[in-house]
Amino acid sequence: MDFDIHDLPSPCYIVDERLLLKNLEILYSVQERTGCSILLALKGFSMFSVFPLVSKYLKGVTASSLFEAKLGREEMGKEVHIFAPAYIEEEFDGIMENCDHIVFNSFSQWNRYKEKVQQQGAQKISCGIRINPEYSEIETPIYNPCYQNSRLGVTLANFRPEELDGIEGLHFHTMCEQNSDTLERTIQVVDQKFGPYIKTMKWLNLGGGHHITRPDYDLETLVRSIKWLQDKYGVQIYLEPGEAVALNTGFLVASVLDIVENGMKNAILDTSAACHMPDVLEMPYRPNVIDAGKPGEYPYTYRLGGHTCLAGDIIGDYSFKEPLNIGTRLVFCDMAHYTMVKNNMFNGVNLPAIALFKEEQGIKIIREFGYQDFKQRLS
Ligand SMILES: *Cc1c(COP(=O)(O)O)cnc(C)c1O
């Protein structure tokens with residue numbers, strides 16, 4: 001990091017535009033080499049102040065709800081796609097106004113909205129069905145859309161070829177933080193099960209979970225897989241990664257508020273796993289902290305915890321070369337995706353500020369939050 005973290009408020013997310021650009025260039029190269037379209041999944045990263053940059057590289061966004069679709073339309077202004085397990089009747093007009101592609105999770109949803117979509121004349125909306133190929137290499141059930149009795153997507157046994165009239169694409173999303181070898185094996189299953197239907201489609205959406213911007217990601221297998229589908233079926237290929245767009249582009253800067261003893265040293269921070277990095281508890285995982293090691297690796301080991309009342313609001317155990325003091329700043333890595341979009345104000349804890357580092361202008365604080373943001377969501 002070549003900027004001074006003491007120039008930031010605490011706690012604060014900071015996204016480094018140079019790192020985002022590196023990811024966007026990799027994603028752009030995949031589009032250039034294959035002709036596929038890559039969409040940003042807003043669910044993972046919705047920091048719209050960088051959308052003008054993202055829009056130069058990607059084809060648009062994919063949304064999970066009307067609000068995300070509106071945000072994508074307003075702030076990116078390119079293609080907007082949507083998938084949700086079920087649509088809310090009152091929101092469907094808004095969805096049609098804002099979306100170019102609508103993916104339905106079931107034939108029952110498709111039949112419910114088919115007429116509405118077809119009557120909607122002005123801009124033509126392309127409709128798709130999400131399939132469940134019943135093949136996924138994700139081992140955590142909460143993230144596995146092919147888990148037993150999953151509500152996500154139509155399995156082959158439940159597929160209704162006779163109701164495909166008007167459907168132009170198929171969509172599957174079965175991956176999470178995975179490399180392209182998983183994609184290649186998934187495509188084999190999709191091809192075997194749904195090949196005859198893909199033949200009649202205009203497009204195929206391969207969902208998200210592609211860890212394309214990770215250093216060890218095998219781009220060649222991705223490119224080969226996309227080209228294979230294009231050659232075999234003549235379909236337009238879409239990918240909709242969230243995490244891969246913002247992977248390793250942002251940090252969360254926080255400070256030590258107190259240090260308490262109980263069998264070991266606990267450092268209480270002005271951030272919280274429960275409020276500001278919920279995937280640390282949900283996934284769960286251990287974020288890297290700059291200049292810190294595993295417990296015992298360096299002389300001073302601490303358990304880092306949040307300042308909410310939740311006993312389990314623990315980020316993890318880390319060791320440091322120097323003792324921590326009240327006011328010491330810590331930097332958590334890879335905090336741009338699935339953080340700002342999942343944050344909450346549990347315990348009345350304020351949200352971290354949001355800052356952007358740009359080559360030309362250095363650090364800029366984009367947004368700070370306060371009491372009104374907390375009160376506004378309550379009644
Ligand atoms: C979550 C999700 C994505 C994005 O997944 P990432 O793991 O962030 O790449 C894309 N499409 C659908 C349908 C999703 O549910």
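Modeller: The charged end of R130 sits over the ring of F83, 4.7 Å from the ring centre. This is a predicted model, where local features need pLDDT of at least 70, side-chain atom pairs count only at pLDDT 80 or more, and totals for chains, interfaces and linings use all residues. Residues are numbered from 1 along each chain as its sequence is written, and side-chain values use heavy atoms, with hydrogens and water left out.

Biologist: What makes R130 count as sitting over the ring of F83?

Modeller: A charge sits over a ring if NZ of Lys or CZ of Arg is within 6 Å of the ring centre and within 35 degrees of the ring normal. The 4.7 Å of R130 meets the distance limit. R286 likewise lies over the face of Y318, at 4.0 Å from the ring centre.

Biologist: Why is the pair of F92 and Y113 called stacked?

Modeller: Rings of Phe, Tyr and Trp (its six-membered ring) pair if their centres lie within 6.5 Å; planes under 30 degrees apart count as stacked, over 60 as edge-to-face and the rest as tilted. F92 and Y113 are 4.0 Å apart centre to centre with 15 degrees between the planes, so the pair is stacked.

Biologist: Why is the pair of Y302 and F320 called edge-to-face?

Modeller: The ring centres of Y302 and F320 are 6.0 Å apart and the planes stand at 65 degrees, so the pair is edge-to-face. Both residues, Y302 and F320, are buried (under 20% relative accessible area, with exposed over 50% and partly exposed in between; 1.4 Å probe, protein chains only).
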